[in-house]
Amino acid sequence: MKKNKKKILIILIMILVILLCVGILIFYKSKQNNNANNNTSNDISPNVIQDYLNTKNNSVMYKNEASLEDLKKEYKITGDDDLYFVETESDGRKVINVKPSINYKVAFSGMINGKSPNIQEIDKTYETQAPTENGIWINTNDREKIVNYLNSNNKLNAKYEVNQEGYLKATQTDKLSKEDEVIKKIIDGNKQYILSISSKYYMVDVVNGKIVENRYNDLEEYQTYEYIQYENKIIIFISENLENKLTSDEIFDSIIELVNQL
């Protein structure tokens with residue numbers, strides 16, 4: 001009996017020691033977290049906070065009644081008023097951006113004409129030459145190359161062609177792969193995708209309102225595409241991969257991933 005009592009006493013002492021150690025660990029962990037939070041708060045000096053508050057109180061960009069003209073002066077933006085719209089950030093700051101419709105038409109016109117478009121002509125070019133149906137429309141110069149790639153891709157079981165209107169269509173659609181299913185979903189969907197093989201596209205510079213060339217592959221040679229979106233319309237500029245930094249399959253896979261997200 002005495003032996004059993006002794007064993008029980010030893011077990012109780014061990015439990016108390018374990019609980020004490022756990023309590024000490026929790027205390028020190030909590031103290032470390034509090035110190036870390038205090039250090040983070042202390043990193044922001046009172047001067048920085050005061051500068052931010054002064055900017056917020058005195059700057060035009062934080063005023064609800066700020067007009068486009070006021071904001072253009074604040075940001076030193078010189079383009080025509082018709083190019084811009086005003087957005088409000090989460091902190092209440094107002095910013096100026098180029099209208100998505102204008103950037104989309106500029107990108108389309110530059111793609112179709114193969115040169116920097118005239119801002120005065122983008123509406124006419126878009127109205128007369130832009131595709132009107134949903135699905136996948138391929139730029140004229142790139143149709144053969146894209147269709148040949150799709151029909152030689154081991155991940156695809158369907159066969160593809162471009163109809164007279166320039167839209168991608170699938171034939172031999174038995175036993176579609178998961179990549180085929182993604183393409184089919186886009187072809188039959190309620191969005192319009194335009195594909196063009198180009199390592200550059202044209203856009204409007206926010207500051208001066210002029211049309212500039214964005215050579216995105218010069219900045220990042222491993223970038224597989226760039227895209228411009230307006231409402232349910234998307235132009236995807238596919239990298240020309242001039243330096244052969246990527247395989248065609250890597251580019252294809254990244255575009256499949258993109259359209260799955262859009």
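The model is predicted: local features need pLDDT of at least 70, side-chain atom pairs count only at pLDDT 80 or more, and totals for chains, interfaces and linings use all residues. Residues are numbered from 1 along each chain as its sequence is written, and side-chain values use heavy atoms, with hydrogens and water left out.

## The chain

Nine helices and ten strands make up the list of elements in the chain. These are DSSP runs, numbered from the N terminus: H or I with at least four residues for helices, E with at least two for strands. Of the 262 residues, 34% are buried. Buried means under 20% relative accessible area, exposed means over 50%, and partly exposed lies in between (1.4 Å probe, protein chains only).

The accessible surface of the chain is about 17,300 Å², and carbon and sulfur atoms hold 50% of that surface. Areas come from the Shrake-Rupley method with a 1.4 Å probe; for residues, only the protein chains shown count as cover. A contact means heavy atoms within 4.5 Å. Among contacts in the chain with a separation of 6 or more, 51% join residues 24 or more positions apart.

## Two pockets

Rolling a probe the size of a water molecule over the atoms shows where empty space is left. The search uses a 1 Å grid over the protein atoms alone; a pocket is an open set of points where a 1.4 Å probe fits, with protein on both sides within 12 Å along at least five of seven lines, and lining residues have an atom within 4 Å of a point. Grid points are joined across faces, edges and corners, and a volume is the space filled by probe spheres set on the points.

The largest pocket has a volume of about 500 Å³. Its lining has 22 residues, with I146, Y149, I238, I251 and I255 closest to the centre. At least two lining residues come from each of α6 (143-151), α7 (178-187), β6 (192-197), β10 (233-238) and α9 (248-261). Helix α9 gives the largest share, six residues.

The second largest pocket holds about 290 Å³. Of its 15 lining residues, D80, D82, L83, I119 and Q120 lie nearest the centre. Here α4 (100-113) and α5 (122-129) each supply at least two lining residues.

The table compares the make-up of the linings. Ala, Val, Leu, Ile, Met, Phe, Trp, Tyr, Cys and Pro count as nonpolar, Asp, Glu, Lys and Arg as charged, and the others, Gly among them, as polar.

| Pocket | Lining residues by class |
|---|---|
| Largest pocket | 17 nonpolar, three polar, two charged |
| Second largest pocket | five nonpolar, five polar, five charged |

Start with α5. Residues I122, T125 and Y126 of α5 are buried. They sit on the same side of α5 because they cover an arc of only 95° around the axis. The arc is that of the directions from the helix axis to the C-beta atoms. K124, E127 and T128 are exposed on the other side of α5. The buried residues of α5 pack against α4 and β10.

Next comes α7. What is buried in α7? The buried residues are E179, D180, V182, I183, I186 and I187. Their arc around the axis is only 160°, so they share the same side of α7. K178 and K185 are exposed on the face turned away from the buried side of α7. The buried residues of α7 pack against β3 (135-138), α6, β4 (159-162), β5 (168-171), β6 and α9.

## Single residues

N260 lies in helix α9. Its relative accessibility is 49%, so N260 counts as partly exposed. N260 and V182 are 78 residues apart along the chain, yet their C-alpha atoms are separated by 7.3 Å.

Most residues other than glycine have a negative phi. E231 is not a glycine, yet has a positive phi of about 55°. E231 sits in the loop between β9 (225-230) and β10. Is E231 buried or exposed? E231 is exposed, at a relative accessible area of 57%.

N241 also has a positive phi of about 55° and is not a glycine. The loop between β10 and α9 holds N241. N241 is buried, with a relative accessible area of 11%.

N217 belongs to helix α8 (residues 216-219). N217 is buried, at a relative accessible area of 11%. Leaving out residues up to four places away in sequence, N217 touches S199, Q223, S239, E240 and N241. For N217 and S239, 22 residues apart in sequence, the C-alpha to C-alpha distance is 7.1 Å.
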